[in-house]
Amino acid sequence: MTRWVLHVDLDEFIAAVEVLRRPELRGRPVVVGGDGDPTKRGVVATASYEARAFGVHSGLPLRTAARRCPDAVFLAVDREVYEAASAEVMATLREFAAIVEVLGWDEAFLAVETEDPEALARRIQERVWASTSLACTVGIGQSKLQAKLATGFGKPAGVFRLTDETWFEVLGDRGTDALWGIGSKTAKRLTGLGIHTVRELAAADPQVLAGHFGPTNGPWLVRLARGRLRSPVVDTPYVARSRSRETTFQHDLRDWDEVRGEVCRLARSVAEDIAGEQRPAVRVVVKVRYAPFITRTHGHPLAAPTSDVAAIEDGALAALERFTERSPVRLLGVRAEFAADSR
């Protein structure tokens, strides 16, 4: 039997769950984010395909989404409902003879042995639909990287296979940001080096890139572009690497003393969140989004692993002091990070 990796990705998951709750919204543009009021500040959590046709996508300000798609139905985020729907999907996936690695609410990798991965993928789609009425796309690959990228070519509700043999045929002429793990900033830096496509990155000298991206990241980028990265699918339960809280303010904060007060409040909330986990924090990160929409982050290592409220609050304030710009603030966030080996 041949080993394959399948990537199961639920289509427009949050919006689809909301449509199941409100069947009258089927076929209409649906946007989920914040408290559902597009006149307030907040960002889109997800949008239905009908809304995406108007350029609405995750992370877009709700007010912008409303301008782009004025006929959209805006709904508030309901985490408990999405978590319950996700748990049902993952339980369904575990019914198959596979190692299941959960990535989040709406996606998972499955390591399987089969001579017909497409047939298995379709059975998975049918089983998920029968148990939850949610549609999913399945990407097939010889690795997690290939399976993850294959999913994008199968959406919505399709099946697509990407392998060593078809890697460059499918991806070779695409921009480097088509690769899982390369964002717009890295792609821009690569363009500055004359590397525009996946094929060009695969042909690059790893040592040359090491000089620009570091001794680890430079060669890794080349291996990534060649599609030969291999990491095992594991069924170890997902453990969060951090806990965070953030607030979007309906009116910009202009008084930095007020900013400090809000950071302290968020830090105390985060400390309360991790108090019962028995996983002390080792670093605190503060996020500041200036008006109109410029985001910066700074971190501060803690002197020792701790769950102490005062220590986390002090760490957040120390991180905040690294921000030198005093422009109006529209969002603040505080994140406590755990040690890499913390469980």
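Modeller: What follows is a conversation about reading salt bridges, helix faces and nonpolar cores in a predicted model.

Biologist: Let me begin with charge: how many salt bridges does the count give?

Modeller: The general idea is that side chains of opposite charge can pair when their charged atoms come close. In this model the count comes to 26 salt bridges, and one of them joins Arg3 to Glu113, with 3.2 Å between the closest N and O atoms. Because Arg3 belongs to strand β1 (residues 3-10) and Glu113 to strand β6 (residues 107-113), that pair ties together parts lying 110 residues apart in sequence. As for accessibility, Arg3 is exposed at 66% relative accessible area, whereas Glu113 is partly exposed at 43%.

Biologist: Which residue does Asp9 meet in a salt bridge, and is Asp9 buried or exposed?

Modeller: The partner of Asp9 is Lys155, at 3.6 Å from N to O. This pair links distant parts of the chain, since Asp9 sits in strand β1 and Lys155 in the loop between α6 (144-154) and β8 (159-162), 146 residues apart. Asp9 counts as buried, with 13% relative accessibility, while Lys155, at 32%, counts as partly exposed.

Biologist: Where do the partners Glu313 and Arg268 lie?

Modeller: Glu313 and Arg268 form a salt bridge whose closest N and O atoms are 3.5 Å apart. Glu313 lies in helix α13 (residues 309-320) and Arg268 in helix α12 (residues 256-275), so the bridge ties together parts that are 45 residues apart in sequence. Glu313 is buried, at 18% relative accessible area, and Arg268 is partly exposed, at 35%. Salt bridges may also join into a network, as they do for Glu18, Arg21, Arg22 and Asp78.

Biologist: Turning to helix α13 itself, which of its residues are buried?

Modeller: In α13 the buried residues are Ile312, Glu313, Gly315, Ala316, Ala319 and Leu320. Viewed down the axis of α13, these buried residues fall within an arc of 160°, so they line one face of the helix. That set packs against α12, β10 (281-290), β11 (294-306) and β12 (329-338). With its 12 residues, α13 reaches 16 Å from first C-alpha to last, close to the 16 Å expected at 1.5 Å a residue.

Biologist: What does Ser86 touch?

Modeller: Ser86, which has its place in helix α4, counts as buried at 6% relative accessibility. Setting aside residues up to four places away in sequence, Ser86 touches Phe13, Gly104 and Trp105. A polar atom of the Ser86 side chain lies 2.6 Å from the backbone oxygen of Trp105.

Biologist: Finally, how many residues does the largest nonpolar core have?

Modeller: In soluble globular proteins, nonpolar side chains tend to be buried together. The largest nonpolar core here has 32 residues, and those with the most contacts inside it are Leu6, Phe13, Leu93, Leu110 and Ile124. At least two residues of this core come from each of β1, α1 (13-21), β2 (30-32), β4 (73-75), α4 (79-93), β6, α5 (117-132) and β7 (136-141). Apart from that core lies another, of 26 residues, among them Val259, Val263, Ala316 and Leu332.

Biologist: Which residues is Leu93 in contact with, leaving aside its neighbours within four places in sequence?

Modeller: Leu93 is then in contact with Val8, Val100, Ala108, Leu110, Ile124 and Val128.

Notes: Residues are numbered from 1 along each chain as its sequence is written. This is a predicted model: local features need pLDDT of at least 70, side-chain atom pairs count only at pLDDT 80 or more; totals for chains, interfaces and linings use all residues. Side-chain values use heavy atoms; hydrogens and water are left out. A salt bridge is a side-chain nitrogen of Lys or Arg within 4 Å of a carboxyl oxygen of Asp or Glu. Helices (H or I, at least four residues) and strands (E, at least two) are DSSP runs, numbered from the N terminus. Buried means under 20% relative accessible area, exposed over 50%, partly exposed in between (1.4 Å probe, protein chains only). The expected span of a helix is 1.5 Å times one less than its number of residues. The arc is that of the directions from the helix axis to the C-beta atoms. Contact means heavy atoms within 4.5 Å. A nonpolar core is a set of buried Ala, Val, Leu, Ile, Met, Phe, Trp, Tyr and Cys residues joined through side-chain atoms within 4.5 Å. A polar contact is a pair of N or O atoms within 3.5 Å; within protein, one must be able to donate a hydrogen and the other to accept it, and residues adjacent in sequence count only if both atoms are side-chain atoms.
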